[in-house]
Amino acid sequence: MDTPTREDLLDRCVEFHGHLCLGQVLGVRLALKGTELIGTRSFKEMIIFIENDRCIADAIQIVTGTRIGRRSAKLINYGKMAATFLNTESGAAYRVNVRNVDPNAGHDKEAKRRTLHVSDIELLAWTKVAVFLKPEEFPGKPQRTVNCVRCGEKVFDGREVQDDKGPLCLSCAHGSYYETMEDGT
Ligand SMILES: [Zn+2]
Ligand SMILES: [Zn+2]
């Protein structure tokens, strides 16, 4: 099987993401560097922690084959152009971030595509890191399910907090991003 070119990968990202943006280019570069550093291209041997929920998040998943819904990609939203790549077989992990982008790189299609070929050292910075993951963070069947003692809803994967009366979901424990407007059915 031929290794796809950077252009091939970018085309796949653009098709999925819906437009050609600098974020797709940067996502391709982050994904290629990260997987090179951890020494695997197999999505079954990696977990990627993506540090923003914008364009790069799509590109990194498309290039690597990891998926948030399969727990091989995780969104850790620091609002940063960075991702950490963990090899789940060897334990090796590297964080890669975008160091420096030419201010004109977003101007037009050609400028964006040129960024595909800027040297790694000019565009990116990377560092070896250690990642600590709880057993319930790994892909595979849920290790644990509890019912929230306040709302009664199921909570998977150890996302609950312990209260005197029993487990609480994060929403009941700390307040929620939504407010209930009428009685549900
Ligand atoms: Zn985009
Ligand atoms: Zn609850």
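Tutor: This is a predicted model. Strand E1 (residues 46-50) pairs with strand E3 (residues 82-87) in the antiparallel sense, over five bridges.

Student: Which residue of E3 does Ile 50 stand opposite?
Tutor: Ala 83.

Student: And how many bridges join E1 to E2?
Tutor: Three. E2 covers residues 73-75, and the two strands run parallel. Ile 50 turns up here too: in E2 it stands opposite Leu 75.

Student: So what's the direction of each pairing, parallel or antiparallel?
Tutor: E1 with E3 is antiparallel. E1 with E2 is parallel.

Student: How many of the residues of E1 are buried?
Tutor: Four of the five, so E1 is largely enclosed by the rest of the structure.

Student: Switching to helices. At what angle do H1 and H3 pack?
Tutor: About 125°, with the axes 9 Å apart. H1 is residues 6-17 and H3 is residues 55-64. The angle makes H1 oblique to H3.

Student: Why oblique?
Tutor: Because roughly perpendicular stops at 115 degrees and roughly antiparallel needs over 145. About 125° falls in the rest.

Student: Is the crossing left-handed or right-handed?
Tutor: The crossing of H1 and H3 is right-handed.

Student: Which residues make the contact?
Tutor: From H1, Leu 9, Arg 12, Cys 13, Phe 16 and His 17. From H3, Cys 55, Asp 58, Ala 59, Ile 62 and Val 63.

Student: How do they divide into nonpolar, polar and charged?
Tutor: Seven nonpolar, one polar and two charged.

Terms used. Residues are numbered from 1 along each chain as its sequence is written. Chains are lettered from A and ligands numbered from 1 in the order in which they are written. This is a predicted model: local features need pLDDT of at least 70, side-chain atom pairs count only at pLDDT 80 or more; totals for chains, interfaces and linings use all residues. Axes are lines fitted to C-alpha atoms, for helices over the stretch in contact, and angles run from 0 to 180 degrees between N-to-C directions. Angles under 35 degrees count as roughly parallel, over 145 as roughly antiparallel, 65 to 115 as roughly perpendicular and the rest as oblique. A crossing is left-handed if the near helix is turned anticlockwise from the far one by less than a right angle, and right-handed if clockwise. Two residues are in contact if their C-beta atoms, placed from the backbone, lie within 7 Å. Ala, Val, Leu, Ile, Met, Phe, Trp, Tyr, Cys and Pro count as nonpolar, Asp, Glu, Lys and Arg as charged, and the others, Gly among them, as polar. A residue is buried if 20 or more other C-beta atoms lie within 10 Å of its own, exposed if 12 or fewer, and partly exposed in between; C-beta atoms are placed from the backbone. Two strands pair if DSSP finds at least two bridges between them.
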